[in-house]
Amino acid sequence: MKIVCPSFSWLGDKTPDGLAILARIARAGRTAYLSEPKGEDADFVRRLIQRGHESVLEHAILSVTIICDRGVSHEEVRHRIASYTQESTRFCNYAGDRLGGEIAYIDLSGGIEHDAIVSKLPREQIDAILIEWMQACEDAERHYMRMIALGATPQIARSVLNHSTKTAVSTTMNMREWRHFFKLRHAPDAHPQMRELTDIMLPAFKDVVPVIFDDIE
Ligand SMILES: Cc1cc2nc3c(=O)[nH]c(=O)nc-3n(C[C@H](O)[C@H](O)[C@H](O)COP(=O)(O)OP(=O)(O)OC[C@H]3O[C@@H](n4cnc5c(N)ncnc54)[C@H](O)[C@@H]3O)c2cc1C
């Protein structure tokens, strides 16, 4: 078994060109006014957002690959205005050599740190919770490997894998939907492990196109 941290990467690895995204949105937006570019695209896009004219943001997309646990991925894919491709527990055989012969789990410590109640427990109590979690993951891995050894296919053996199992989800959303996603998923009542992930993602999105994400805290 191996424990990994949640993360994300830009699909295609290269950091997206924020100026090109703004130029595309501004060009689409100017159709409404049949206006020529004057001033910065960023200022134009900021005014669109301030007026609530957010449908124009749908002309640009960003794609990422998210590494998270299955539980967080269930929440992510509830967002309907998006495209997803997810690691398949039907077709990936974690017992095989190609995938290292072990199950990868997303570290629960980060989720605990983001949980308002659990994070305030005494350290020894948190450690005891983590030990129970580790044992449950080890048990699930042992049963999975044994089921495969007995002839089960991955799509049958996956039944014993838990919410902590690591998954990869390539995700494409338009900029309006990413704004909506972060407003819901970077909020205090979002799941702690979802917030752990959006704590990493939102600053990176702000770096690429500040004007589109700066108003989301
Ligand atoms: C804190 C929190 C707790 C949650 N708890 C639960 C839970 O207990 N159980 C549960 O099942 N889900 C739960 N959810 C998921 C939630 O109900 C939504 O499915 C999810 O957040 C997707 O959001 P959305 O529907 O606004 O947006 P998206 O699917 O991202 O769509 C974006 C927007 O498009 C519009 N839209 C999309 N589809 C339609 C449509 N068919 N008709 C009209 N307008 C549409 C809406 O304006 C919507 O806000 C929770 C979400 C959060 C953030």
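A polar contact is a pair of N or O atoms within 3.5 Å; within protein, one must be able to donate a hydrogen and the other to accept it. Keep that cut-off in mind for Arg-30. Its side chain and that of Asp-41 are joined by a polar contact of 3.4 Å. The model is a predicted one.

Start with the whole chain. The protein chain has 217 residues, and 42% of them are buried. Its secondary structure comes to 9 helices and 6 strands. Along the principal axes, the C-alpha atoms fill a box of roughly 70 × 40 × 25 Å. Now consider contacts between residues at least 6 apart in sequence. Of these, 74% join residues at least 24 apart.

Go back to Arg-30. This residue sits in helix α1, which covers residues 18-33. Is Arg-30 buried or exposed? Its relative accessible area is 7%, so Arg-30 is buried. The cut-off for buried is under 20%. Leave out residues up to four places away in sequence, and Arg-30 touches Ser-35, Glu-36, Pro-37, Lys-38, Asp-41 and Phe-44.

Helix α2 spans residues 41-51, and Arg-51 is found in it. Here the setting is exposed: Arg-51 has a relative accessible area of 56%. The cut-off for exposed is over 50%, so Arg-51 falls in that class. Even so placed, Arg-51 has a polar partner. Its side chain makes a polar contact of 2.7 Å with the side chain of Tyr-33.

Turn next to the aromatic rings. A pair of aromatic rings is described by the distance of the centres and the angle of the planes. How many aromatic pairs are there? The count comes to 12. One of them joins Trp-10 and Phe-205. Their centres are 5.0 Å apart, with 40 degrees between the planes, and the pair is tilted. This pair links distant parts of the chain. Trp-10 lies in strand β2 (residues 7-10) and Phe-205 in helix α8, 195 residues apart. Both partners are buried: Trp-10 has 10% relative accessibility, and Phe-205 has 0%.

Phe-181 and Phe-182 make another pair. Their ring centres are 5.4 Å apart and their planes stand at 75 degrees, so the pair is edge-to-face. The angle that calls for this label is over 60 degrees. Phe-181 is buried at 0% relative accessibility. Phe-182 is buried too, with a relative accessible area of 0%.

A search of the whole structure finds 1 cavity of 30 Å³ or more. The largest cavity has a volume of about 40 Å³. Which residues line the largest cavity? They are Pro-6, Cys-68, Asp-69, Val-72, Ile-106, Gln-193, Glu-196 and Leu-197. Two elements give two or more residues to this lining: β3 (61-69) and α8 (192-208). Helix α8 gives the most, with 3 residues. By type, the lining divides into 5 nonpolar, 1 polar and 2 charged residues.

Ile-106 is one of those lining residues. It is found in strand β5, residues 104-106. Its relative accessibility is 2%, so Ile-106 counts as buried. Set aside the neighbours within four places in sequence. Ile-106 is then in contact with Ile-3, Val-4, Cys-5, Pro-6, Ile-67, Cys-68, Asp-69, Trp-133, Ser-164, Lys-166 and Gln-193. Among them, Pro-6, Cys-68, Asp-69 and Gln-193 also line the largest cavity. Met-145 is 39 residues from Ile-106 along the chain, and their C-alpha atoms are separated by 19 Å.

Finish at the open space. The largest pocket holds about 180 Å³. Its lining is made of Lys-2, Val-4, Glu-87, Cys-92, Tyr-94, Arg-98, Leu-99, Glu-102, Ile-103, Ala-104 and Lys-166. What is the make-up of this lining? It divides into 6 nonpolar, no polar and 5 charged residues. Val-4 and Lys-166 are in this lining, and both are also contacts of Ile-106.

Methods:
Residues numbered from 1 in each chain as written. Predicted model: local features only at pLDDT ≥ 70, side-chain atom pairs only at ≥ 80, totals over all residues. Heavy atoms only, no water. 1 Å grid on protein atoms, 1.4 Å probe; cavity = no way out; pocket = protein on both sides within 12 Å on 5 of 7 lines; lining within 4 Å. Points joined across faces, edges and corners; volume = space filled by probe spheres on them. Helix = DSSP H or I, 4+ residues; strand = E, 2+ residues; numbered from the N terminus. Nonpolar A, V, L, I, M, F, W, Y, C, P; charged D, E, K, R; others polar. Buried < 20%, exposed > 50% of the residue type's maximum accessible area, 1.4 Å probe, protein only. Contact = heavy atoms within 4.5 Å. Phe/Tyr/Trp six-rings, centres within 6.5 Å; stacked < 30°, edge-to-face > 60°.
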